[in-house]
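Have the sequence and the model side by side, and let us walk through them together. We will begin with the overall picture and then look at how the pieces meet.

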Amino acid sequence: MPDTSRKISVQCEINGRPMMLEAHPMSRLLDVLREQAGLTGTKEGCGEGECGACSIEMNGALVNSCLIPLLQVDGAKISTIEGVADAGELSAVQQAFITHGGAQCGICTPGMILAARNLLSRSAQPAETEIREALAGNLCRCTGYTKIFESVLEACRAQGPRR
């Protein structure tokens with residue numbers, strides 16, 4: 001069992017950049033990202049892994065960063081909302097959220113965008129049921145989800161079929 005009274009250092013990659021993080025082993029990745037790495041786009045909603053506001057990609061999987069202890073991050077490849085735009089150019093998903101009103105207050109938006117991006121990395125033209133299932137772990141209290149689903153469908157059209 002690790003000594004949780006002492007800080008540890010972990011090496012990982014965040015948004016394509018190598019990074020050394022130092023905190024207590026059981027520190028939540030959410031807090032370390034926000035406080036140490038300055039990546040405040042990842043939001044805290046419930047702190048229990050129920051709402052998806054803190055969603056990130058870790059080693060290609062969509063995870064709730066509020067449930068990930070720093071101890072599990074060593075060697076991981078992490079993507080946050082700050083890493084979605086490419087050289088300042090919004091991704092198709094980000095642009096669709098803006099165009100179709102999928103982004104409202106901003107609390108759930110980063111997690112929704114990462115969930116949609118994760119889905120689209122696996123399926124270029126998902127069915128509406130697949131979109132609903134992929135976004136099911138993300139709660140929104142502003143839009144009623146219709147605008148969010150429309151945003152993801154538009155992102156599918158914008159990126160076109162894969163070849």
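What follows goes from the whole protein to its sheet and then to its helices.

A word on the ground rules. This is a predicted model, in which local features need a pLDDT of at least 70 and side-chain atom pairs count only at pLDDT 80 or more, while totals for chains, interfaces and linings use all residues. Residues are numbered from 1 along each chain as its sequence is written, and side-chain values use heavy atoms, with hydrogens and water left out.

Start with the inventory. The protein has five helices and five strands, where helices (H or I, at least four residues) and strands (E, at least two) are DSSP runs numbered from the N terminus. Reading from the N terminus, the order of elements is β-β-α-β-β-β-α-α-α-α. The C-alpha trace spans about 50 × 35 × 25 Å along its principal axes. For 163 residues, a compact globule would have a radius of gyration near 15 Å, and the 16 Å of this protein agrees with that. The radius is taken over C-alpha atoms, and the globule rule is 2.2 Å times the number of residues to the power 0.38.

Now to the sheet. Its five strands form an open sheet in the order β2-β1-β5-β3-β4, with mixed pairing; two strands pair if DSSP finds at least two bridges between them. β2 and β4 (61-64) stand at the edges with a single partner strand each, so one side of each is left without a neighbour in the sheet. On average, neighbouring strands of this sheet are turned by 40° against each other, direction ignored. Axes here are lines fitted to C-alpha atoms, for helices over the stretch in contact, and angles run from 0 to 180 degrees between N-to-C directions.

Look next at the individual pairs. Strand β1 (residues 8-14) and strand β2 (residues 17-23) are antiparallel and share seven bridges. Along this pair, Gln11 stands opposite Met20 in β2, and Ile14 has Arg17 of β2 as its bridge partner. The hairpin of β1 and β2 has two residues between the strands, and Asn15 there takes a positive phi near 55°. β1 also runs parallel to strand β5 (residues 77-79), joined by two bridges.

Contact means heavy atoms within 4.5 Å.

Helix α3 also meets two other helices. The axes of α3 and α4 come within 9 Å and cross at roughly 135°. That makes α3 oblique to α4: angles under 35 degrees count as roughly parallel, over 145 as roughly antiparallel, 65 to 115 as roughly perpendicular and the rest as oblique. On the α3 side, Met112, Ala115, Ala116 and Leu119 meet Glu130, Ile131, Ala134 and Leu135 in α4. By class, the residues of this contact are seven nonpolar, no polar and one charged. Here Ala, Val, Leu, Ile, Met, Phe, Trp, Tyr, Cys and Pro count as nonpolar, Asp, Glu, Lys and Arg as charged, and the others, Gly among them, as polar.

The axes of α3 and α5 come within 11 Å and cross at roughly 40°. α3 and α5 are therefore oblique to each other. The contact is formed by Met112, Ala116 and Leu120 of α3 with Ile148, Val152, Ala155, Cys156 and Gln159 of α5. Its residues divide into seven nonpolar, one polar and no charged.

Finally, helix α4 (residues 128-135) and helix α5 (residues 146-159) have axes that come within 11 Å and cross at roughly 120°. α4 is therefore oblique to α5. Ile131, Arg132 and Leu135 of α4 make the contact with Ile148, Phe149, Val152 and Leu153 of α5. How many residues of each class does this contact have? The contact of α4 with α5 has six nonpolar, no polar and one charged residues.
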